[in-house]
Amino acid sequence: MAAEGGGKEMNEIKTQFTTREGVYKLLTHSEYSRPNRVPFNSQGSNPVKVSFVNVNDQSGNGDRICFNVGRELYFYIYKGVRKAADLSKPIDKRIYKGTQPTCHDFNPLTATAESVSLLVGFSAGQVQLIDPIKKETSKLFNEERLIDKSRVTCVRWVPGSESLFLVAHSSGSMYLYNVENTCGTTAPHYQLLKQGENYAVHTCKSKSARNPLLRWTVGEGALNEFAFSPDGKFLACASQDGFLRVFGFDAAELHGTMKSYFGGLLCVCWSPDGRYIVAGGEDDLVTVWSFLDCRVIARGHGHKSWVSVVAFDHCTTSVEDGDLPAEFSGSDEDFHEQNHFSAGRDRANSSHSRLSKRNSTDSRPVSVTYRFGSVGQDTQLCLWDLTEDILFPHLPLSRTRTHTNVMSATSPPATGQTPTLSTTTGSGGTNGKDNLSNSSTSGNPTNSLPGTLPRSNSLPHSSNPAGGSTPNSNTGSSNSSSSTTATATTTTKANSIIDSAFIATSVSKFATLSLHDSRKERHEKDHKRNHSMGHISSKSSDKLNQLSSSKTAKADAAKTLGTTLCPRMEEVPLLEPLVCKKIAHERLTVLIFLEDCLVTACQEGFVCTWARPGKVGLLSSQNNPANSPSGTVV
């Protein structure tokens, strides 16, 4: 774990870390950067981003990597854990004048060994379509900046499409483009197509086909990131106003909403099965939101600054039938003894018995573990496990688990505390179980989290062990257990807003009484939030607006706190990270999980490859100098 208390050890950069799967090792010879390997002066520049694509090369080395550093864009063959990176031979390198690349995305459908389609967004609002293999620039969208003049924050190909892509801007708007259409020589005229709570969708009025096809206006302030669900039917948007909004993409229907604990949301991702969404941002937290129940089910506290990227690890995430894995340790007697002393405590850190699962109405699988990671401006990498005790808390519990903070009902919740207070950065794999039992039996939380952090002691089902209680006691709205919610679905035929064959025209709407009831009770002002200072543009008018709206923003935040939109800290489980390591000198901007490694990047322009346990391969002999016994570089 990252050391607490300062000193020399605090500033050491870790080159390996251990999880229950084994040891992850940094491959120093697989580091990608600018060819001269000189750290980039990152002051005032846009975040370094990384994109991958597989071109299905016959040689078996089909992975390609693209990353931006300042005004430069690089495209390399990615050799991963197999061979050392050769930075002297980029396939393509581009240097831009007057504007900087901010984000990019490959189209996996059209990628071949001879051609790839790469979208690049820029700080001045343009979007470029290039082929770095053919070294061609085929098209430039929003070239005259008539559509939007603000920075491009996120660009993604629409899943399953070879021609449609979606672009988000710091203005708070998203635009749907077709690569076959032109952008026109005049500013587009729009016609309202759909309007809802703090969002609107307009279509472009034109006699001939032109871009953009659609304009989405979402929330207030910048739209920092969006992510399509694994099936491509839903769209999750993380905004600077602190709201996560999830839409049915083809029908532009708002499915659900979540509010950050504080400040703007900067990043968002979906679980591989589409059941859960994780968002991170300026509250230093990672927040887990259930797509089926439309509510926050957990928060994770390990970062000491803004969370810049969240991502699920599809290789470690598992849903299995059969016996519980070996790491589900602890005895039933121990757990029941803990339960006797803290009957009303948060039910974090335990798994269910197979019997309870067999008797449950929706036949839950026996073992469920979602692994996700996060990186932040504190230069730390955190890994988290989301286990079935958090996912299905209404079922009986039988065994204890490590790395999720267990809160005691005997310790009163701290008031007036923010989640950014200092905390131990997770417990080690060897003593995690001791921390668990100590904090839950004695009511003394010192071994798991400092006393300054709010204690989580009011999970709604803790007072009703049989399950079936309301998901949030503060809203006053009733709801059934999540198993009932997940199965009670109604499918309605919606008019598709995109006349394309690849997008399904049906949207499943889940019965989520608590969300919709509470949302109707609140005034439209609930969505108004003042911008974080870190994302305000230099225009003085924006600053004046921000200052003048701060009073109403505080009042609006107070309205959402304690509702299903934004539960209080003590109302949901508080996760501790499995791993929390300082791995860079500059803020981290990239986290991508691949089959045999994970990839991180920092603002200095260094893209690092971390081999999964047992996947070091050919580079193991080359990395000995870097791997000191302590796993750190002094």
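This is a predicted model: local features need pLDDT of at least 70, side-chain atom pairs count only at pLDDT 80 or more; totals for chains, interfaces and linings use all residues.
## Salt bridges around Asp-385

The model holds twelve salt bridges. One of them pairs Arg-20 with Asp-385, with the closest N and O atoms 2.3 Å apart. This pair links distant parts of the chain. Arg-20 sits in the loop between β2 (16-19) and β3 (22-26). Asp-385 belongs to strand β30, which covers residues 380-387.

Shared partners join Arg-20, Glu-21, Arg-371 and Asp-385 into one network of salt bridges.

## Burial within the network

Which members of this network are buried? Arg-371 and Asp-385 both are. Asp-385 has a relative accessibility of 5%, so it counts as buried, the cut-off being under 20%. Arg-20 has 37% relative accessibility and therefore counts as partly exposed.

## The Arg-275 and Asp-273 pair

Another salt bridge joins Arg-275 and Asp-273. Their closest N and O atoms are 3.9 Å apart. The bridge counts because the cut-off is 4 Å. Arg-275 is partly exposed, at 33% relative accessibility. Asp-273 is partly exposed too, with a relative accessible area of 37%.

## The Thr-99 site

Thr-99 lies in the loop between β7 (92-95) and β8 (101-106).

Beyond its close sequence neighbours, Thr-99 touches Phe-122, Ser-123, Ala-124 and Gln-126. With Ala-124 there is also a polar approach: a polar atom of the Thr-99 side chain lies 3.3 Å from the backbone nitrogen of Ala-124.

## The end of strand β16

Strand β16 runs over residues 199-205, and Lys-205 is part of it. Leaving out residues up to four places away in sequence, Lys-205 touches His-189, Tyr-190 and Gln-191. His-189 is 16 residues from Lys-205 along the chain. The C-alpha atoms of these two residues are separated by 5.4 Å.

Conventions:
Residues are numbered from 1 along each chain as its sequence is written. Side-chain values use heavy atoms; hydrogens and water are left out. Helices (H or I, at least four residues) and strands (E, at least two) are DSSP runs, numbered from the N terminus. Contact means heavy atoms within 4.5 Å. A polar contact is a pair of N or O atoms within 3.5 Å; within protein, one must be able to donate a hydrogen and the other to accept it, and residues adjacent in sequence count only if both atoms are side-chain atoms. A salt bridge is a side-chain nitrogen of Lys or Arg within 4 Å of a carboxyl oxygen of Asp or Glu. Buried means under 20% relative accessible area, exposed over 50%, partly exposed in between (1.4 Å probe, protein chains only).
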